[in-house]
Amino acid sequence: MIRVVLPMHLRTIARIEGELLLSVEGPVTQRSVLDALESRHPELRGTIRDHVTLRRRAFVRFFACEQDLSLEAPDDPLPQSVASGVEPFLVVGAIVGG
Amino acid sequence: MSEARVLVGTRKGAFVLTSNSNRARWTISGPHFAGWEIYHVKGSPVDPDRLYASQSSGWFGQMIQRSADGGQTWEPVGNQFTYDGVPGTHMWYDGTQHPWEFKRVWCLEPSLTDPETVYAGVEDAALFRSTDGGATWHELPGLRGHESGPTWQPGAGGMCLHTILLDPDDPDRIFIAISAAGAFRTDNGGQSWKPINRGLKSQYIPDPDAEVGHCVHRIAMHPSRPSVLFMQKHWDIMRSDDAGDSWHEVSGDLPTDFGFPIEVHAHEPETIFVVPIKSDSEHFPMDGKLRVYRSRTGGNHWEPLSNGLPQSDCYVNVLRNAMAVDQADPCGVYFGTTGGQVYASADSGDNWIAIVRDLPPVLSVEVQTLP
């Protein structure tokens with residue numbers, strides 16, 4: 001199972017407490033994890049990536065294993081420790097004032 | 001005697017304020033959607049417990065929330081606002097053409113007859129409609145496709161469609177206003193639109209009486225006379241007696257005619273309210289005195305209303321969607337400020353009280369009169 005940690009605002013919308021455990025078919029990538037997340041919680045569509053282009057929203061970042069994976073290609077494999085469930089995949093709201 | 005429910009959108013959440021029967025005591029619930037910008041919350045005229053809210057964030061984009069119990073509980077509904085066809089371009093600040101890009105929903109206007117139907121005015125300016133309670137949204141592309149569309153430009157607050165007025169006598173007639181394109185009207189349910197800006201004069205655009213390009217801040221009507229419209233333009237209070245085909249200025253004896261909101265009394269179609277602001281570069285009341293101005297003559301002659309409002313050192317603003325009237329008798333008037341106060345008058349503006357203070361900056365105020 002893939003461990004996913006969402007920011008507080010998205011946990012509130014999806015009524016999630018703590019980490020989310022997702023089953024992902026096939027290669028574990030940003031795209032497959034987000035597909036699984038949005039399939040489980042369709043109310044989150046459009047909040048992390050664009051509805052149509054599926055591009056990451058500008059102020060959303062993806063972290064795992066103490067690395068910023070935001071600029072990696074959506075179909076690149078995520079680190080093995082994320083795929084094996086040892087480390088969580090973090091969806092993070094970027095630091096912005098206001 | 002009637003209870004009122006005031007729906008307040010702020011920079012950091014929504015608040016629902018409910019009165020007792022004489023509108024003297026208020027209870028407050030919220031923040032709902034804490035931390036999110038709530039541009040607008042509005043209820044269905046035919047089902048007052050059906051509310052719609054526009055929730056947005058620079059991080060996570062647009063959400064639409066729906067309530068079936070007057071704002072006690074909410075559920076997220078559809079948030080996909082995709083322009084019809086190829087989006088095309090409009091004028092950008094530097095004179096180049098810029099693609100239409102959806103940013104947020106500024107206003108929600110529930111149908112006068114069907115609680116499942118609601119209109120959304122968005123930035124970049126376009127009109128969307130849902131007929132399934134907000135689950136799915138479809139653009140009415142005739143507006144953005146108007147031949148003048150490529151010339152529309154954003155105002156300082158973005159190119160927003162901020163006002164939607166539904167004609168209670170004619171379901172095919174809708175009025176909308178865009179900053180900074182102007183006012184438009186459809187007479188065929190949104191298939192085609194015409195600019196209705198004749199008579200507006202704006203010195204801040206190259207051709208002061210151009211067909212489009214005016215920064216219309218807000219328009220208002222009384223439901224008993226939908227062909228009489230009132231407008232707060234960037235500068236100038238305007239009036240139309242022919243459904244927008246022509247306008248004339250009714251700023252009259254106002255000390256300044258810059259401002260954002262304008263509202264019509266619930267029972268007196270010739271009584272209108274504005275909140276004059278010093279200028280376009282000083283968005284606060286004149287002399288630090290917060291005053292609503294009321295005209296009982298449909299414009300031109302205005303009286304200041306200040307009893308209960310701060311009359312010194314007050315430098316808040318009142319934004320375009322932050323004023324509303326209830327349907328009680330006497331008519332209640334409500335407005336919210338960028339300082340987080342919501343003021344209410346239960347006597348058509350003669351006396352005011354702050355029904356809440358210290359909210360985040362108020363973006364919108366709507367009110368429902370409960371049975």
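Trainee: Which side chain does B:R66 meet in a salt bridge?

Mentor: The partner is B:E75, with N and O 2.7 Å apart; a salt bridge here is a side-chain nitrogen of Lys or Arg within 4 Å of a carboxyl oxygen of Asp or Glu. This is a predicted model, in which local features need pLDDT of at least 70 and side-chain atom pairs count only at pLDDT 80 or more, while totals for chains, interfaces and linings use all residues. Residues are numbered from 1 along each chain as its sequence is written, chains are lettered from A and ligands numbered from 1 in the order in which they are written, and side-chain values use heavy atoms, with hydrogens and water left out.

Trainee: Are B:R66 and B:E75 buried or partly exposed?

Mentor: B:R66 is buried at 16% relative accessible area, whereas B:E75 is partly exposed at 36%. Buried means under 20% relative accessible area, exposed means over 50%, and partly exposed lies in between, with a 1.4 Å probe and protein chains only.

Trainee: How many salt bridges does the rule count over all chains?

Mentor: The count is 29. One of them joins B:R50 and B:E116, whose closest N and O atoms are 2.9 Å apart. B:R50 sits in the loop between β4 (37-43) and β5 of chain B, and B:E116 in the loop between β10 (104-110) and β11 (118-123), so the pair ties together parts that are 66 residues apart in sequence. Helices (H or I, at least four residues) and strands (E, at least two) are DSSP runs, numbered from the N terminus. Another salt bridge, at 2.6 Å from N to O, links B:E139 and B:R144, and both of these residues are buried.

Trainee: Switching to the interface, how many salt bridges cross between chain B and chain A?

Mentor: The rule finds zero, although six residue pairs, both at pLDDT 80 or more, are in polar contact across that interface. A polar contact is a pair of N or O atoms within 3.5 Å; within protein, one must be able to donate a hydrogen and the other to accept it, and residues adjacent in sequence count only if both atoms are side-chain atoms.

Trainee: What area is buried there, and which residues of chain B lose the most?

Mentor: About 1,400 Å² is buried between the two chains, with carbon and sulfur atoms giving 60%; buried area is the accessible area (1.4 Å probe) that two parts lose on being put together, summed over both. On the side of chain B, the residues that lose the most area to chain A are B:W59, B:F60 and B:N79, together 48% of what that side buries.

Trainee: And where is B:S57, and what does it touch?

Mentor: B:S57 belongs to strand β5 (residues 51-57) of chain B and is buried at 13%. Leaving aside neighbours within four places in sequence, B:S57 is in contact (heavy atoms within 4.5 Å) with A:R57 and B:W36. A polar atom of the B:S57 side chain also lies 2.9 Å from the backbone nitrogen of B:W59.
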